[in-house]
Amino acid sequence: MRSKLLALSFAAICTLFSVAASGQSYAITNARIVTVSGATIEKGTVVVRNGLIAAVGANVTAPPDATVLNAGGATVYPGFIDTATNLGVPAAAAGTGGGGPGGGGGGQAAAAAAAAAAQNTSNSNYPAGLRPEVTVSEIIRAGDAQFESNRNAGFTTAVTMGRTGIFPGQSAVIDLAGDSVSAMILKDPFAHHISFATIPGTYPGSLLGTFSALRQIFNDAKRLQDMQKAYAADPRGMPRPGSDRSLEALFPAINRQMPVVFNANRALEINRALDLIKEYNLVGVIAGGQEAWKLSERLKAQNVPVLVSLNFPRRTAAASPDADPESLDILRFRAETPKGPGRLAQAGVKFAFSSGGATSMADFFTNAGKAVENGLSRDAAIRAMTLGAAEILGLSDRIGSIETGKIANLVVIKGDLFGRDKFASHVFVDGKLFEQREPTRAGPGGRGPGGAGPGPGAATASNLGGTYSITIDVPGQPLPATLNLQQQGTAMTGTMVSQLGTSPITNGRATANGFSFTTTVQFGGASIDITVQGTVNGSSISGTVDSPQGNVSFSGTRNPSFSE
């Protein structure tokens, strides 16, 4: 009974604490501030309060109640936005593969996975993979830990969509922090997405069939909407029209109330996508778009923006005397792709950047730098990952630039943004601060987040395993606990022991900043999932415990072992 009361008290106090924490204020001082929407402030202050940007300028004074973060001349940018990801969406089962965001063509493995899901109950007359009613927000998983590597690179916002199918799911725009899905979502839904995939074993089983199926489903949706409107106006003497979730999900698209994003990289696919956009008068967007520059005039004329993938093509097979020579088309594609963003900018086509399924976020900045080297201005490149992206997403009134009243999505970067040795020391997401320790650089050249070595998410050289006595700072009722951590490489296991019981650690990993893990606290017959993030400095430990009720901090020390 005592344990139950303590747990309920802990949850209630966490709720009160979360309200208080939202009012915490910060002042980033002595910073170079790239506002994007206006002139760069060479030395100024940004004040964050209640999750919003409260003030910004060269003559702004830090409020007396603010936690002051001296940037030491580092640069503050708006939080970076990735416009095509699968973040928060559970991975496909082993062997099913996936098409990945921002790509075009192919997609056989992704389509096969969609076909395998055809047993799912639905009143749709269309096969799995060709059902636009699927919404990604229903399957997104919350929790700060799973977004850590992207956030450590400076990303605060992302478009996330499904992994499989011709219609991989209506996407959502999320902020990369939050204890619940509702707390993370900025816009739901954002758009329908279409991949030029196929569905082996059923229709459509070929690329030509996919285009035919897309035209058919849009025609069917238009016809059903017309019938429903006519029936609603005067049902007498008219057969009742049927209902189909797949077709009804397309009504906002054919009414120009929701964008349709076509994932296509090569010029032929982009041209076909533009044909569909024109035929059905859609609010169209191209994602991937690595050959979009070839169709700049048409994109400009149709007012179709591009979410340019920075997952640039590269040779995947090692060169050897026995290797087949690459075709001239492939060589030209690889050479011309970095020039594409500059050509789109010159033609006046709206565009933003996306990671496009890249396995390393370092590639995002490296390839953005290559685009700058090939004709894109630095300002345009920064805009393409901040305000330009926010404009295409319809969210420029709240994110994308450093302006008073906007959401406090910010990143402090030390070093050149497009260089090898940059480092994101502080990231704010919805005003919540994530701070990380700069990793030790190996060798004269250093290997930081933007270089070839391990980035912010990599483990430090020290072993974090051991037993730690901590106190969770629940206001008015501190809660003692013990962390038993075992580390193998970057993987961490162990237990958290408190008056609430013993909770096994899951999803544990060591990072340059310390460690993170999730666990479940049992009380009153219910379970509460929590995420623990900590940093270790010598024998001291500190961090936060995040739960659906809010977050609280903790601190403590490492218990000495007999070998020490």
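This is a predicted model: local features need pLDDT of at least 70, side-chain atom pairs count only at pLDDT 80 or more; totals for chains, interfaces and linings use all residues.
1. Overall make-up. The protein chain has 564 residues, and 51% of them are buried. It holds 14 helices and 26 strands. Take the contacts between residues at least 6 apart in sequence: 60% of these join residues at least 24 apart.

2. Surface. The accessible surface of the chain is about 24200 Å². Carbon and sulfur atoms account for 51% of that area.

3. Main core. The largest nonpolar core has 80 residues. Within this core, Phe262 and Phe353 touch the most other members. Helix α5 gives the largest share, 7 residues. A second core is separate and has 25 residues, including Leu483, Ala510, Phe515 and Val532.

4. Phe262. Leaving aside residues up to four places away in sequence, Phe262 touches Ile194, Phe196, Ala273, Leu276, Ile277, Leu282, Val285, Ile286 and Ala287. Among these partners, Ala273, Leu276 and Ile277 are also listed as buried residues of α8.

5. Helix α8. This helix runs over residues 267-279, 13 residues in total. Its span from first to last C-alpha is 18 Å, close to the 18 Å expected.

6. The buried side of α8. Which residues of α8 are buried? They are Ala267, Glu269, Ile270, Ala273, Leu274, Leu276 and Ile277. Residues three or four places apart on an α-helix point the same way, because there are 3.6 residues a turn. Cover for the buried residues of α8 includes α5 (207-233), β11 (260-264), β12 (284-288) and α9 (296-302).

Conventions. Residues are numbered from 1 along each chain as its sequence is written. Side-chain values use heavy atoms; hydrogens and water are left out. Helices (H or I, at least four residues) and strands (E, at least two) are DSSP runs, numbered from the N terminus. The expected span of a helix is 1.5 Å times one less than its number of residues. Buried means under 20% relative accessible area, exposed over 50%, partly exposed in between (1.4 Å probe, protein chains only). Contact means heavy atoms within 4.5 Å. Accessible areas come from the Shrake-Rupley method with a 1.4 Å probe; for residues, only the protein chains shown count as cover. A nonpolar core is a set of buried Ala, Val, Leu, Ile, Met, Phe, Trp, Tyr and Cys residues joined through side-chain atoms within 4.5 Å.
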